[in-house]
Amino acid sequence: MVCVVGIDMDGLKPINDIYGHHEGDSALCVVGYAIKEAVVPGQIGARIGGDEFEVIFPCGSEADVRRWVETFERSLDTYNKKSGKSYEVHASLGYRTGIPAADDTLAGYMKESDDIMYKNKLENKRKRNELLR
């Protein structure tokens, strides 16, 4: 079974605009570090552009993916609690797992994980906006 995780950092533009690109770069590194914290054997992770990352790894079950997500999110939470920064680093993600069939492609798995990630991104933004009210 394979897992493809699509990750998009939330709020990079405001960090860049308010605190400068050096802080935006630092925030991107935090997401990269969280990916590294969640590492599992056989994992490949990459920044694929701007504030987007993809992670691919072999997994035995849906529980393996949930553990990966929990470790990733815990890393961001720990950073936010300890950083002392006036902004927080958040990311939205989606994943696709399965046993690839002969006609499956990596691009197909990436598209499916990204579609889920964008739905989650909208929901995360809505929840954060509600907390600010």
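This is a predicted model: local features need pLDDT of at least 70, side-chain atom pairs count only at pLDDT 80 or more; totals for chains, interfaces and linings use all residues.
Local features here need pLDDT of at least 70, side-chain atom pairs count only at pLDDT 80 or more, and totals for chains, interfaces and linings use all residues. Residues are numbered from 1 along each chain as its sequence is written, and side-chain values use heavy atoms, with hydrogens and water left out.

**Stop 1: Asp8 and Lys121**

Select Asp8 and Lys121 to see their side chains meet in a salt bridge at 2.5 Å, N to O. Here a salt bridge is a side-chain nitrogen of Lys or Arg within 4 Å of a carboxyl oxygen of Asp or Glu; by this rule the count comes to nine. The pair links distant parts of the chain, since Asp8 sits in strand S1 (residues 2–10) and Lys121 in helix H4 (residues 106–132), 113 residues apart. Helices (H or I, at least four residues) and strands (E, at least two) are DSSP runs, numbered from the N terminus. Is Asp8 buried or exposed? Asp8 counts as buried because its relative accessibility is 3%. The cut-offs are under 20% relative accessible area for buried and over 50% for exposed, with partly exposed in between (1.4 Å probe, protein chains only).

**Stop 2: along helix H4**

Now select Asp115 and Lys111, whose side chains form a salt bridge at 2.9 Å, N to O. They are four residues apart in helix H4, so about one helical turn separates them. Asp115 is partly exposed at 36% relative accessibility, while Lys111 is exposed, with a relative accessible area of 52%.

**Stop 3: helix H1**

Go to Asp17 and Lys13 for a salt bridge of 2.7 Å, N to O. Both lie in helix H1 (residues 12–19), four residues apart, about one turn of the helix. Asp17 and Lys13 are both exposed.

**Stop 4: Gln43**

Select Gln43, in the loop between helix H2 (21–37) and strand S2 (44–49). Which residues does Gln43 touch, leaving aside neighbours within four places in sequence? Gln43 is in contact with Ile35, Ala38, Val55, Ile56, Phe57 and Trp68, where contact means heavy atoms within 4.5 Å. Gln43 is buried, with a relative accessible area of 16%.

**Last stop: Asp77**

Finish with Asp77 in helix H3 (residues 62–82). Asp77 is partly exposed, at 41% relative accessible area.
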